[in-house]
Amino acid sequence: MAHAIVPPYLLARIAAVQEPTWARAAEAARATLAVPRPYRAGRTRLRLSIEDGGTLVAEAAPAPDRTISDAQRRETLPGVRVRGEDDPATGDVSVDEAFDGLGETYDFLWDAFARNGLDGAGGQLLATVHYGQDYDNAFWNGERMVFGDGDGEVFQGFTGSLSVIAHELAHGIVDAEGGLTYQGQSGALNESIADVFGVLTEQHAKGQDAAAATWLVGEGIFTDAVQGRALRSMAAPGTAYDDDVLGKDPQPGHMRDYVETTDDNGGVHINSGIPNHAFYLLAEALGGRAWERAGLIWYRTLTGGELTPDTDFATFAAATVRAAETEYGEGSEEADAVRDAWAGVGVERDGRDGP
């Protein structure tokens, strides 16, 4: 199963649009929905920094190994290789944005969690740009990132959003750690963890703390014709867009509004708003740079060996509490904040779903 950033319910809404001004977008959405997304299951560098007092510090650290290919608007992967790790910028905006975004994601994983790439072992970071004609999505196929250029009416190029790039790459981390079945609550957790790492990568790159961050996923991928800021909001699920044609963002932020559906693999892009908001509440409660404590708790939960492919919200919530207690101690500020965050979205502190 390939993971894509734009949910199928939104593409279906665009595909049904009858307005002449969005004819190209509607056709692009229909074509995007029809295209299958095939799934296919180091280097080092010297980093320099200046400490307080002006001391120059040189550190040997692992380095990313990136390769960007160009599908040349065909639907064939990987495409033509256009940039590698030691190559200069190409001048193609999509190529260079993808290259930079892969690097920023790698830097976040190393700086925050000492993780060497998606697999933790310095594996290659691969991406293909200019996929398909007016392709309205970006997805992880189990081996590489794939970016469409958008239709120009609803969606702009997807490489312009670092949270999109990091979100899709994060699916590779989830896969490497044993995976979460892409269905129902486990699938919504899969999407949510990708959103968490997506926004944290963007915050890390901008040097933002939790209070200064937008907590938006996919900010900037809509054109100006759309009444919306992003695909999803972790701070306020259900408010990312509200457009006369596309409708309103359907994400809930609380278990009382959980959506039971057979669409979208059981609502994986919709119900991910609930664990998304729990993470936001935790990060806001702890303050500071969200990847340092809140993000570390989520990472320890993902990599701690407790999760199974069919993990649900209740099980994941309980695992995050244990991860916080292991990292910071029972009765710690962090562990209490995790409990309160899940209670705030209707998942009880003992791990049970509740109103």
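In strand S6, Leu-126 is the bridge partner of Thr-67. Strands such as this one are DSSP runs of type E with at least two residues, while helices are runs of type H or I with at least four residues, and both are numbered from the N terminus. The model is predicted, so local features need pLDDT of at least 70 and side-chain atom pairs count only at pLDDT 80 or more, whereas totals for chains, interfaces and linings use all residues. Residues are numbered from 1 along each chain as its sequence is written, and side-chain values use heavy atoms, with hydrogens and water left out.

Two strands are said to pair if DSSP finds at least two bridges between them. Asp-70 likewise has a bridge partner in S6, namely Val-129. S6 is also joined to S8 by 2 bridges, and these two strands run parallel. There, Ala-127 has Met-145 of S8 as its bridge partner.

How enclosed is S6 by the rest of the structure? Of its 5 residues, 5 are buried, so S6 is largely enclosed. Here, buried means under 20% relative accessible area, exposed means over 50%, and partly exposed lies in between, with a 1.4 Å probe and protein chains only. Leu-125, Ala-127 and Val-129 point one way from S6, Leu-126 and Thr-128 point the other way, and all are buried.

Attention now turns to helix H3 (residues 93-113), which holds Thr-105. This residue is buried, with a relative accessible area of 4%. Leaving aside neighbours within four places in sequence, Thr-105 is in contact with Leu-162, Ile-165, Ala-166, Leu-169 and Thr-201. Ser-94 also lies in helix H3, and at 12% relative accessibility Ser-94 counts as buried. Residues up to four places away in sequence not counted, Ser-94 touches Val-129, His-130, Asp-149 and Thr-159.

Thr-105 and Glu-202 are 97 residues apart in sequence, yet 8.4 Å apart in space, C-alpha to C-alpha. Glu-202 is one of the residues that line the largest cavity, among them Val-199, Gln-203 and Trp-215. H5 gives the most to this lining, with 4 residues.

The last stop is helix H7 (residues 273-286), whose 14 residues reach 20 Å from the first C-alpha to the last, close to the 20 Å expected at 1.5 Å a residue. The expected span is 1.5 Å times one less than the number of residues. H7 is mostly covered, as 11 of its 14 residues are buried. What covers these buried residues includes helix H5 (184-206), helix H8 (294-303), helix H9 (313-328) and helix H10 (333-344). Just after H7, Gly-287 takes a positive phi of about 70°.

Methods. Contact = heavy atoms within 4.5 Å. 1 Å grid on protein atoms, 1.4 Å probe; cavity = no way out; pocket = protein on both sides within 12 Å on 5 of 7 lines; lining within 4 Å.
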